Each structure stands twice: as C-alpha cells, then as structure tokens.
Number of protein chains: 2
Amino acid sequence: MKNRNRDPDCPVRTVLDRIGDKWAVLVITTLGEEGTMRFNHLYETIGDISQKMLTVTLKKLQEDGLVSRKMYQEIPPRVEYTLTDTGVTLVPLLNALAEWANANMKGIKKSRSVYAEVN
Amino acid sequence: MKNRNRDPDCPVRTVLDRIGDKWAVLVITTLGEEGTMRFNHLYETIGDISQKMLTVTLKKLQEDGLVSRKMYQEIPPRVEYTLTDTGVTLVPLLNALAEWANANMKGIKKSRSVYAEVN
DNA sequence: CTGTATCCTAACGGATACTG
DNA sequence: CAGTATCCGTTAGGATACAG
C-alpha cells in the first residue's frame, strides 16, 4: 500500500477531511435514505444541524461531485439535492459504519463507564 | 431504522464523534496494518500527528475499548498498543473507506478544480 | 423557501518545555 | 522512551439578522 506518511496528497486524508466531517456523513446517509430532498427537508430531517453548517456542507459535497443541486425558478424558490453516482457509492460504506456503531455502542458505552470509574 | 433526529444517544453520532476524528482513524488503521506498536513507532509511522494528539487519541480509544495498552516496567519504559477484538472489527470498514478514497480521489480532485474555475 | 453575512465563543490542536 | 503541562493562535460552528 502507498505510504501515507507526510503525504499531503494521501487519498485517505483527502477523503477523511471530507467524510470525517460529521455533517457530511449525516447529509450523505440522509440523502441515501430519502433520495432527492429539498433544503428544508434535509434541515428538518437531520434535526440538529444549523442552517449555516448545512449550507457549508452541501457546498463542499457539490464541490467534490458527491451531491448535485437542482434549482427551480419558482417563487418561493425550490432547490433539490441528490446524491451523484459517485456519492451513491459511498452510502453503503457509511451505512456499514452506522451498523457497526449500532452493534457496538453498548459495549463502547460500557467501556467508557468502566474507564471513568477506574480513573 | 431508528430515527436519528435530535437523539443524543444516536449510535451513529456516538461513533462518528470518535471515528470521525481523523487521528483516531489513522491510529486504528495503522495498528490494523502493523499489529502491536510502541508509542514512538506509531508516532513515526503516522508521521504528521503531534505527540499531544497521539496521546489524546490513544486515551480516547482505550476509553472506548478499541485499543489496549500494555506497559512494561523497564528502563527506558516500553509501552505497547494493540487493537482489541472490537477495534479489529472496525479495521475492514475503515479500509473500505480508504479504498474508496483511492478509487475516487482523482474524480474528486477534478470536480474540485472544475468547481473552482466556475466559481 | 433558500440561502448570505456577521459576530462571537469554545475547542482543536501545534509548539515547546519539562518529568519519571 | 513515553508521556504531561502550558501557552496560544486558528478554526469550527452556533446564534442572529438580513436578502432575493
């Protein structure tokens, strides 16, 4: 495998700086579940994201070509976001992580409380 | 699937707050490749992590029960870190992400440059 | 409805020096 | 060798107000 040390172009880091972002993961998995969504729908579905972070995250994902944006010339405005083909390929990986989280959260929480008692 | 909205105990968020951390991912995948490693070995292999962040990250991973720490009473001191069984189960998922990154980095970089030109 | 623009605070995390 | 302690600049990101 390619040596990752001190390599600014390391793919792992390139992608981690993006999908390592909690909001990006949430947006991608949500779009993966619901398909095309409007801005407000995403905003309400994710729930605890701020408007600002949703905007920023969507822009970054568009920039990376993972999400596409379609704007309708209507009043009031309507904007729809959809995963691109590339974006879709990321969904199963993130879902696998989500499943891992579900399967292991209990153990992790227990470990944390044990650790807290000892220290 | 469990509704993730406004749920502070959401497993996905619990895990994302940890593996969403770039340093944690790097430590886990590195230990996954190399097996047991000493502090300095990890420090040098990862390369651009600071001593402080390595210490902090290892502590958090121990707290979650993903990494175990073994200290030898020697002079100079020797400390070895190893993935726990739980930690090991996370490795293939992270490696899958790394492979995804390798496969898609080119397209992502291209998308970014196109985006940069237009805007 | 779908954003943009500021302000502002907590935290992240690097650099450095010190310790057992 | 394997950390700890401290300082300190940068940034993430929430709150709020405003705009097209």
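## Two copies and their symmetry

Two copies of a chain are superposed by least squares on the C-alpha atoms of residues with pLDDT of at least 70 in both. The structure discussed here is a predicted model, and every value below is computed from it.

Two copies of a chain are related by a rotation about an axis and a shift along it. For this model, chain B is superposed on chain A by a rotation of 180° with 0.0 Å of shift along the axis, and the RMSD is 0.1 Å. The two copies are therefore related as by a two-fold rotation axis. Within chain B, the residue whose C-alpha is nearest the axis is B:G20, at 2.1 Å. Both copies use the same surface, since 100% of the contact residues of chain B recur in chain A.

## The interface between chains A and B

How many residues does the contact take from each chain? Chain A gives 51 residues and chain B gives 51 residues. The area buried between chain B and chain A is about 4700 Å², and carbon and sulfur atoms give 60% of that area.

On the side of chain B, the residues that lose the most area to chain A are B:R13, B:W100 and B:R112. Together, these residues account for 14% of what the chain B side buries.

## The sheet of chain A

Strands of a sheet pair through backbone hydrogen bonds, either parallel or antiparallel. Chain A contains an open sheet of three strands in the order 1-3-2, with antiparallel pairing. Strand 1 (37-38) and strand 2 (67-72) of chain A stand at the edges; each has a single partner strand, so one side of each is left without a neighbour in the sheet.

Strand 2 of chain A is joined to strand 3 (residues 78-83) of chain A by six bridges, and five residues lie between these two strands in a hairpin. Across this pairing, A:S68 stands opposite A:T82, and A:R69 stands opposite A:Y81. Strand 1 of chain A pairs with strand 3 of chain A over two bridges, also in the antiparallel sense. Here A:R38 has A:E80 of strand 3 as its bridge partner.

Of the atoms of DNA strand D within 4 Å of the protein, 56% belong to sugar or phosphate, and the rest belong to bases.

Several side chains have a polar atom placed by a phosphate oxygen of DNA strand D. For A:S50 the distance is 2.6 Å, for B:R69 it is 2.5 Å, and for B:Y81 it is 2.5 Å. The elements that give two or more residues to this surface are helix 4 (51-63) of chain A, together with helix 3 (39-46), helix 4 (51-63) and strand 3 (78-83) of chain B. Helix 4 of chain B provides the largest share, four residues.

Terms used. Residues numbered from 1 in each chain as written. Chains lettered and ligands numbered in written order. Predicted model: local features only at pLDDT ≥ 70, side-chain atom pairs only at ≥ 80, totals over all residues. Heavy atoms only, no water. Near = heavy atom within 4 Å. Polar contact = N/O pair within 3.5 Å; in protein donor to acceptor, adjacent residues only side chain to side chain. Contact = heavy atoms within 4.5 Å. Pairing = 2+ DSSP bridges. Buried area = accessible area lost by both parts, 1.4 Å probe.
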